[in-house]
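Hi there,

Here is the structure I promised to pass on to you. Please open it beside this note and follow along.

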Amino acid sequence: MDIQTIGVPAFVVGVDADGSLRMKSINKADEEATGLRLSDVADRLLADCLPTSIVPQVTARYNECIQKRTLHEYDERLEIPGNTRWWRTTLTPIIDATSGRVVELVGVAIEITERKRSEDLLAEVAFQDPLTSIANRRRLEIDVDDAMSAALYTGRRFGLVQIDLDGFKPINDRYGHRKGDDVLRHVASLLKLIARKDETVARIGGDEFAMLIGASTDREFTAKVDALRRFLDRSMSIAEMEVNVGASVGAAMWTGVETFEELLAVADGEMYRQKGCRRSRAA
């Protein structure tokens with residue numbers, strides 16, 4: 001195959017008998033995309049032609065194709081040279097009829113950076129609460145499922161907290177929904193302020209929020225929840241408006257068996273129990 005006739009980046013990688021990968025050819029489109037030159041890379045080991053930072057990633061993909069001995073397609077994010085771009089790469093193994101060994105890989109790469117940006121933007125919209133810009137219920141569920149998987153393999157524990165604002169309806173009734181929205185945005189910013197980088201803050205209903213909180217022990221989790229309760233019981237000055245916003249907080253530590261819905265239901269039940277207690281004390 002003459003890859004010079006291909007209008008998108010294309011390349012040929014040789015596979016030595018000992019498994020070493022060696023660059024054999026790249027076309028003009030590949031030269032323009034990567035900044036490499038055929039005269040500089042021809043017959044050199046692949047690891048000597050590419051930036052060190054991406055060598056493990058690229059060679060792993062090529063070796064996977066060699067092992068599968070079939071056409072291999074994938075999306076990858078590469079930085080060549082000093083410019084991060086997304087590519088849709090297709091590898092075709094060339095198998096020697098005599099030895100049965102994969103002797104070459106013919107690759108074609110199509111840049112999909114703009115498509116990925118559009119996908120990321122759509123994903124952001126799909127998983128973000130439009131009012132507060134924090135996560136929505138769908139994002140929270142995905143992150144909780146991920147935390148469950150991680151906990152099974154790493155032992156890292158976590159819990160789910162549900163938060164319902166107390167006295168929010170009177171704020172809407174007295175000041176209007178715009179001021180109420182300001183309160184919700186302010187509470188969201190407070191929750192983001194105290195959340196760790198690996199924790200998720202989400203708005204899951206009108207004035208209901210939830211947090212995915214990591215903790216190594218039940219005691220640590222309880223201490224974090226208590227601190228959150230104290231933190232949210234405060235007077236807030238929002239857009240020249242002084243309001244007192246409290247919060248009923250329910251929490252549930254994952255024990256290893258609950259689904260997302262079951263864990264949320266436990267936290268929800270505890271939250272309503274806390275709300276009842278707060279009303280009784282206020283009466």
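Let's start with the pockets. By class, 6 nonpolar, 1 polar and 7 charged residues make up the lining of the largest pocket. (Ala, Val, Leu, Ile, Met, Phe, Trp, Tyr, Cys and Pro count as nonpolar, Asp, Glu, Lys and Arg as charged, and the others, Gly among them, as polar.) A pocket here is an open set of points on a 1 Å grid over the protein atoms alone, where a 1.4 Å probe fits, with protein on both sides within 12 Å along at least five of seven lines; lining residues have an atom within 4 Å of a point.

This is a predicted model, where local features need pLDDT of at least 70, side-chain atom pairs count only at pLDDT 80 or more, and totals for chains, interfaces and linings use all residues. Residues are numbered from 1 along each chain as its sequence is written, and side-chain values use heavy atoms, leaving out hydrogens and water.

Of the 14 residues lining the largest pocket, Ala147, Arg156, Arg157, Phe158 and Asp198 lie nearest its centre. Helix α6 gives the largest share of that lining, 5 residues. (Helices, H or I, have at least four residues and strands, E, at least two; both are DSSP runs numbered from the N terminus.)

Next, the sheet: 6 strands form an open, antiparallel sheet in the order β3-β2-β1-β6-β5-β4. Since β3 and β4 stand at the edges with a single partner strand each, one side of each has no neighbour in the sheet. Strands pair if DSSP finds at least two bridges between them; β5 and β6 have 9. In one of these, Ile94 partners Glu104 of β6.

Enjoy exploring!
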